[in-house]
Amino acid sequence: MSIFDGKLEIEASAASGIEAVVKRELVALGYAPSGADRGRIRFEGSYLDVMRANMFLRAANRVRIVLTRFPADSFDALFDGVYAYRWQDAIPKRGRVIVNAKSHASKLFALSAVQSVVKKAIAKKLMDAYGLPSLEESGESYDIEVSLDNDVVTLTLDTSGEGLHKRGWRTYLGDAPIRETLASAMLQLSVWKSDRPFIDPFCGSGTIPIEAAMMGRNIASGMMRRFACEEFSLAPAVRDVVQQEAEQLVNREIKLRISGFDIDPNAVKLAMKHARAAGVQNDIHLQTADMRTASSRFRYGVIVTNPPYGERLLSEGEVRELYRDFGRMCDGLKDWSVYAITSYRAFEKYFGRKADKTRKLFNSEIECILYAFLGAKPPANDSSRDAH
Ligand SMILES: C[S@@+](CC[C@H](N)C(=O)[O-])C[C@H]1O[C@@H](n2cnc3c(N)ncnc32)[C@H](O)[C@@H]1O
């Protein structure tokens, strides 16, 4: 029996600050996740659940299967612990094994030595199990992570392949795009719901409005891409079942009110290409415009954005002026809530308001703050569609 036929311990990883979002997503998918431990959220499920997690999680970086866990404070103990696992139940004869290591507060901390011992132990077990003098490694890849934490070894198998922020619609890189997973986390941390108007006034290549449209239409984040585990030859073929589930969940009726503006016409062209590739071009109004001119006839809308900061062409004085004008533009939007992520620490001062909530998040390794300015809640009978 392969490991993919039984119960599995599954691990979703998330960037610092967004573990709680991924945990909420897992609960919404019907799982009972554990607390987050160093950016990892664990839950139990079958191989079908591995595929569902890859398909539906919007804010997670990747999904791994936990293979084995044991204590080891010497290389001998590491070798023996790895060898004891039934690798032949996960990796076929021709599987190509790649090992990555990380270590925290452990006696074994020389990563390349850890990596090489683990690789040797896996190779020996596979050669013994398959009766081979050497490994061919001509087949599909199995990406194993060995992680040491306080002298406890955890071995996991990656199932995602490319990071889950790669949704399959981004074909061209704009200037400083925000990761899709972070964009989705910001949206999920905001009060935005698909029936409320939405604007990203600094939309760049369109990441945030596209993620909003995909959420609003309930298009699964993984529908347009493949995952590494689809190649695993000992695993059952479950992609089609999960793809069908995802297709049935798409809301084809909903009317969304999502807009994106950018002052740079090339950025807007790129955003349009991306929106087309994601199949949401009819859900987003994209326009070349200075955000200073943005307005809306709707109430109770939401802005989620990452305004420029630290980019080559903007001096600090220009950034301050831009944030001041951004604050003024937002003041003109009655009852709107505004969420802005930036690494500029004096943002509130120039925006002109103290945030109701702040949260530390990382945008491509740069420590940032997500500032939340909350507007009034729409009344229960929703008048957000009323023009005023
Ligand atoms: C950090 S980037 C946004 C990236 C975007 N979130 C993405 O994923 O591609 C900031 C954007 O603000 C735009 N921008 C700068 N000044 C602007 C203004 N006054 N009005 C509208 N957009 C502006 C820049 O052209 C740039 O595309």
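Biologist: How many residues surround the ligand, and which are the closest?

Modeller: There are 22 of them, and the closest are Pro177, Phe202, Gly204, Ser205 and Thr207. A residue is near a molecule if its C-beta atom, placed from the backbone, lies within 6 Å of it. Please keep in mind that this is a predicted model: local features need pLDDT of at least 70, side-chain atom pairs count only at pLDDT 80 or more, and totals for chains, interfaces and linings use all residues. Residue numbers start from 1 along each chain as its sequence is written.

Biologist: What makes a residue of this shell nonpolar, polar or charged?

Modeller: Ala, Val, Leu, Ile, Met, Phe, Trp, Tyr, Cys and Pro count as nonpolar, Asp, Glu, Lys and Arg as charged, and the others, Gly among them, as polar. Sorted that way, the shell has 13 nonpolar, five polar and four charged residues.

Biologist: Which helix and which strand each supply at least two residues of that shell?

Modeller: Helix H6 (207-216) and strand S8 (258-262) do. Both names come from DSSP runs, numbered from the N terminus: helices are H or I with at least four residues, and strands are E with at least two.

Biologist: How do you know that S8 pairs with strand S9?

Modeller: Two strands pair if DSSP finds at least two bridges between them. Five bridges join S8 to S9 (residues 284-288), in parallel, so by the definition they pair. Serine 259 stands opposite histidine 285 in S9. Strand S7 (residues 198-200) also pairs with S8, in the parallel sense over three bridges, and aspartate 200 has glycine 260 as its bridge partner in S8.

Biologist: Why is the unit of S8, helix H8 and S9 called right-handed?

Modeller: S8, H8 (residues 265-278) and S9 make a β-α-β unit. A crossover is right-handed if, with the strands pointing away from the viewer, the path from the first strand over the helix to the second runs clockwise; that is therefore the sense of the path here.

Biologist: In what order do the strands of the seven-stranded sheet stand?

Modeller: This open sheet runs S9-S8-S7-S10-S11-S13-S12, with mixed pairing. S9 and strand S12 (357-363) are at the edges with a single partner strand each, so one side of each has no neighbour in the sheet. From one strand to the next, the twist averages 20 degrees.

Biologist: And what is the order of the six-stranded sheet?

Modeller: That open sheet has the order S2-S1-S3-S6-S5-S4, and its pairing is mixed too. Its edge strands are S2 (40-45) and S4 (96-104), each pairing on one side only.

Biologist: Why is S6 called largely enclosed?

Modeller: A residue is buried if 20 or more other C-beta atoms lie within 10 Å of its own, exposed if 12 or fewer, and partly exposed in between, with C-beta atoms placed from the backbone. Five of the seven residues of S6 are buried, so the rest of the structure largely encloses this strand.

Biologist: How many bridges join S6 to strand S5, and how many to strand S3?

Modeller: Six bridges join S6 (residues 152-158) to S5 (residues 141-149), running antiparallel. One of the partner pairs is leucine 148 with valine 153. Seven bridges join S6 to S3 (residues 62-71), also antiparallel, and arginine 64 has aspartate 158 as its bridge partner in S6.

Biologist: What lies between S5 and S6 in their hairpin?

Modeller: Two residues do, and asparagine 150 in the turn has a positive phi of about 50 degrees.

How values were computed: Axes are lines fitted to C-alpha atoms, for helices over the stretch in contact, and angles run from 0 to 180 degrees between N-to-C directions.
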